Amino acid sequence: AATTSIVVVAFLVPLWLLIIQIAAARAVSAGSDDAQNVAALVGVVTDTSQLMAVLDRVNSGGRQTSVVLPGGGVLGLPLDPAAPSLVLARSGRAFTASTPTGREILVPVETAAGRAVVRTLVPATLLRRGVPAAPGLLPPLGLALVVVTGVIAASAARSTVRPVGAL
């Protein structure tokens with residue numbers, strides 16, 4: 001049972017870490033989709049009221065998307081246009097960065113007026129969505145695995161001992 005327990009722990013710990021990574025990857029992927037969809041509109045739509053309507057719909061999902069216009073104005077949720085990540089994105093580089101509040105996806109967009117930047121923040125709560133349930137599910141799974149292997153081991157031991165006892 002001790003060996004089986006060690007093997008089960010060696011299985012469950014990486015499984016839990018995988019669950020954490022998958023949850024974060026899903027949230028960042030959804031945030032990237034938001035940023036890229038808004039970036040496609042920013043490149044062709046010049047009416048800021050239309051862009052604000054799109055941002056209002058996009059921001060209803062928990063992620064926070066803003067657009068920094070070429071002149072420095074901000075559409076959507078307020079943010080500091082002089083932030084280092086925005087300065088780097090204005091240089092033409094798209095990237096994802098970790099922040100104290102989550103992960104931000106930055107996408108530069110060339111417009112007729114200059115380079116705009118779309119920034120989507122995926123809050124830490126969304127990065128961990130579904131993860132708190134995993135610690136509650138994994139121990140019963142581990143216990144079930146130990147019990148099943150114990151039953152199988154006992155059965156295998158009986159089938160070995162019976163023929164030896166018949167000698």
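This is a predicted model: local features need pLDDT of at least 70, side-chain atom pairs count only at pLDDT 80 or more; totals for chains, interfaces and linings use all residues.

Q: OK, and how many of the side chains are positive and how many negative?
A: There are 12 positive and 7 negative side chains, with the centres of the two sets 18 Å apart.

Q: Switching to the fold: what order do the elements come in?
A: From the N terminus they go α-α-β-β-α-β-β-β-α-α, which comes to five helices and five strands.

Q: Is the chain spread out or compact?
A: Spread out: the radius of gyration is 26 Å, well over the 15 Å from the globule rule for 167 residues, so the chain is more spread out than a compact globule. Along the principal axes, the C-alpha atoms fill a box of roughly 95 × 25 × 25 Å.

Q: What percentage of the residues count as buried?
A: 31% of the 167.

Q: And strand β4, how many of its residues are buried?
A: Seven of the ten, residues 102-111 being the strand, so β4 is largely enclosed by the rest of the structure.

Q: Which strand does β4 share ten bridges with?
A: That's β5, residues 114-123, running antiparallel to β4. V109 has A116 in β5 as its bridge partner, and a hairpin links β4 to β5 through two residues.

Q: What about β3, how does it pair with β4?
A: Antiparallel, over five bridges, with β3 covering residues 95-99. T99 is bridged to G102 in β4, and the hairpin from β3 to β4 goes through two residues.

Technical notes. Residues are numbered from 1 along each chain as its sequence is written. Side-chain values use heavy atoms; hydrogens and water are left out. Helices (H or I, at least four residues) and strands (E, at least two) are DSSP runs, numbered from the N terminus. The radius of gyration is taken over C-alpha atoms; the globule rule is 2.2 Å times the number of residues to the power 0.38. Buried means under 20% relative accessible area, exposed over 50%, partly exposed in between (1.4 Å probe, protein chains only). Lys and Arg count as positive and Asp and Glu as negative; His and the chain ends are not counted. The place of a charge is taken as NZ of Lys, CZ of Arg, CG of Asp or CD of Glu. Two strands pair if DSSP finds at least two bridges between them.
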